[in-house]
Amino acid sequence: QVQLVESGGGLVQPGGSLRLSCLASGSIFRINTMGWYRQAPGKQRELVAAITSGGTANYTDSVKGRFTISGDNAKNTVVLQMNSLKPEDTAVYYCNAGLLTARPLRYLEVWGQGTLVTVSS
(Lines give C-alpha, C1' and ligand atoms only; values in the text may rest on other atoms or scores of the structure.)
Protein backbone atom coordinates (compact mmCIF):
# COMPACT_ATOMS: atom_id res chain seq x y z
CA GLN A 1 0.00 0.00 0.00
CA VAL A 2 1.28 3.45 -0.94
CA GLN A 3 0.15 6.78 0.43
CA LEU A 4 0.78 10.38 -0.52
CA VAL A 5 0.46 12.95 2.25
CA GLU A 6 0.35 16.64 1.37
CA SER A 7 0.93 19.68 3.52
CA GLY A 8 1.32 23.41 3.15
CA GLY A 9 -1.93 24.75 1.76
CA GLY A 10 -3.74 27.75 3.17
CA LEU A 11 -4.85 31.33 2.64
CA VAL A 12 -2.47 33.87 1.16
CA GLN A 13 -2.81 37.35 -0.27
CA PRO A 14 -2.18 38.04 -3.95
CA GLY A 15 1.54 38.32 -4.57
CA GLY A 16 2.34 36.06 -1.65
CA SER A 17 4.01 32.68 -1.49
CA LEU A 18 3.17 29.18 -0.32
CA ARG A 19 5.13 25.95 -0.22
CA LEU A 20 3.42 22.61 -0.77
CA SER A 21 5.07 19.37 0.27
CA CYS A 22 4.18 15.78 -0.51
CA LEU A 23 5.61 12.63 1.05
CA ALA A 24 5.19 9.20 -0.48
CA SER A 25 5.31 6.24 1.87
CA GLY A 26 4.68 2.53 1.75
CA SER A 27 5.92 -0.37 -0.31
CA ILE A 28 7.77 1.64 -2.96
CA PHE A 29 10.41 0.21 -5.25
CA ARG A 30 10.98 3.32 -7.34
CA ILE A 31 9.17 6.57 -8.03
CA ASN A 32 9.24 7.54 -11.71
CA THR A 33 7.47 10.89 -11.55
CA MET A 34 5.86 13.13 -8.95
CA GLY A 35 3.77 16.16 -9.60
CA TRP A 36 1.03 18.52 -8.61
CA TYR A 37 -2.39 18.93 -10.15
CA ARG A 38 -5.06 21.41 -9.21
CA GLN A 39 -8.79 21.67 -9.53
CA ALA A 40 -10.65 24.94 -9.19
CA PRO A 41 -14.42 25.03 -8.57
CA GLY A 42 -16.31 24.18 -11.73
CA LYS A 43 -13.15 23.34 -13.66
CA GLN A 44 -11.34 20.18 -14.66
CA ARG A 45 -8.27 18.98 -12.84
CA GLU A 46 -5.13 20.21 -14.56
CA LEU A 47 -1.45 19.47 -14.32
CA VAL A 48 0.48 22.27 -12.61
CA ALA A 49 4.00 20.85 -12.54
CA ALA A 50 5.72 17.49 -12.58
CA ILE A 51 9.26 16.21 -12.15
CA THR A 52 10.90 12.93 -13.11
CA SER A 53 13.30 10.96 -10.98
CA GLY A 54 16.02 12.26 -13.27
CA GLY A 55 15.13 15.83 -12.40
CA THR A 56 13.34 16.90 -15.56
CA ALA A 57 10.55 19.31 -14.71
CA ASN A 58 7.65 20.64 -16.71
CA TYR A 59 5.10 23.31 -15.91
CA THR A 60 1.80 24.49 -17.22
CA ASP A 61 2.23 27.83 -18.99
CA SER A 62 0.26 29.85 -16.44
CA VAL A 63 2.73 29.09 -13.62
CA LYS A 64 6.04 29.27 -15.47
CA GLY A 65 8.39 31.70 -13.79
CA ARG A 66 6.33 31.72 -10.60
CA PHE A 67 6.27 28.10 -9.40
CA THR A 68 9.19 25.76 -8.88
CA ILE A 69 8.96 22.01 -8.38
CA SER A 70 11.73 20.02 -6.76
CA GLY A 71 12.08 16.41 -5.72
CA ASP A 72 14.17 14.38 -3.30
CA ASN A 73 14.47 10.80 -4.52
CA ALA A 74 16.03 9.57 -1.28
CA LYS A 75 13.18 10.93 0.81
CA ASN A 76 10.35 10.26 -1.69
CA THR A 77 9.21 13.85 -1.44
CA VAL A 78 8.25 16.59 -3.84
CA VAL A 79 7.90 20.28 -3.08
CA LEU A 80 6.07 22.97 -5.02
CA GLN A 81 7.25 26.48 -4.23
CA MET A 82 4.61 28.93 -5.34
CA ASN A 83 5.51 32.62 -5.61
CA SER A 84 3.65 35.66 -6.92
CA LEU A 85 0.37 33.91 -6.32
CA LYS A 86 -2.73 35.15 -8.10
CA PRO A 87 -6.42 34.72 -7.29
CA GLU A 88 -6.71 32.41 -10.28
CA ASP A 89 -4.30 30.01 -8.55
CA THR A 90 -7.02 29.28 -6.02
CA ALA A 91 -7.79 25.56 -6.15
CA VAL A 92 -7.42 22.25 -4.41
CA TYR A 93 -3.92 21.00 -5.15
CA TYR A 94 -3.34 17.27 -5.44
CA CYS A 95 -0.05 15.44 -5.28
CA ASN A 96 0.40 12.65 -7.83
CA ALA A 97 3.02 9.95 -8.23
CA GLY A 98 3.75 7.34 -10.85
CA LEU A 99 5.73 4.58 -9.21
CA LEU A 100 6.69 0.95 -9.04
CA THR A 101 5.58 -0.92 -5.96
CA ALA A 102 7.70 -3.58 -4.35
CA ARG A 103 6.49 -7.17 -4.00
CA PRO A 104 4.71 -7.46 -6.32
CA LEU A 105 6.56 -5.24 -8.74
CA ARG A 106 3.90 -3.29 -10.56
CA TYR A 107 3.22 0.22 -11.85
CA LEU A 108 0.81 2.33 -9.80
CA GLU A 109 -0.51 5.85 -10.05
CA VAL A 110 -1.30 7.34 -6.65
CA TRP A 111 -3.09 10.52 -5.57
CA GLY A 112 -3.00 12.51 -2.38
CA GLN A 113 -6.10 13.73 -0.59
CA GLY A 114 -5.68 17.34 -1.75
CA THR A 115 -4.84 20.57 -0.01
CA LEU A 116 -6.71 23.85 -0.48
CA VAL A 117 -4.87 26.94 -1.65
CA THR A 118 -6.83 30.19 -1.49
CA VAL A 119 -5.39 33.40 -2.89
CA SER A 120 -7.48 36.34 -1.77
CA SER A 121 -7.17 39.75 -0.21
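**View 1. Residue classes in the lining of the largest pocket of this predicted model.** Sorted by class, the residues that line the largest pocket comprise 9 polar, 6 nonpolar and 2 charged residues. The space within the largest pocket amounts to about 200 Å³, and among the 17 lining residues those closest to the centre of the pocket are Ile 31, Thr 52, Ser 53, Asp 72 and Asn 73. Two or more lining residues come from each of strand 4 (28–39), strand 5 (46–52), strand 7 (67–72) and strand 8 (77–82), and strand 4 makes the greatest contribution, with 7 residues.

**View 2. The disulfide between Cys 22 and Cys 95.** The predicted model contains 1 disulfide, in which the sulfur atoms of Cys 22 and Cys 95 lie 2.1 Å apart. This pair links distant parts of the chain, with Cys 22 in strand 3 (residues 18–26) and Cys 95 in strand 9 (residues 91–101), 73 residues apart. Both cysteines, Cys 22 and Cys 95, are buried. The torsion about the S-S bond of Cys 22 and Cys 95 is about -90°, and the disulfide is therefore left-handed.

View 3. The side chain of Thr 115 comes to 3.3 Å from the backbone nitrogen of Gly 9. When residues up to four places away in sequence are not counted, Thr 115 touches Glu 6, Gly 9, Leu 20, Ala 91, Val 92 and Tyr 93.

Methods. Residues numbered from 1 in each chain as written. Predicted model: local features only at pLDDT ≥ 70, side-chain atom pairs only at ≥ 80, totals over all residues. Heavy atoms only, no water. Polar contact = N/O pair within 3.5 Å; in protein donor to acceptor, adjacent residues only side chain to side chain. Contact = heavy atoms within 4.5 Å. Disulfide = S-S within 2.5 Å. Helix = DSSP H or I, 4+ residues; strand = E, 2+ residues; numbered from the N terminus. Buried < 20%, exposed > 50% of the residue type's maximum accessible area, 1.4 Å probe, protein only. 1 Å grid on protein atoms, 1.4 Å probe; cavity = no way out; pocket = protein on both sides within 12 Å on 5 of 7 lines; lining within 4 Å. Points joined across faces, edges and corners; volume = space filled by probe spheres on them. Nonpolar A, V, L, I, M, F, W, Y, C, P; charged D, E, K, R; others polar.
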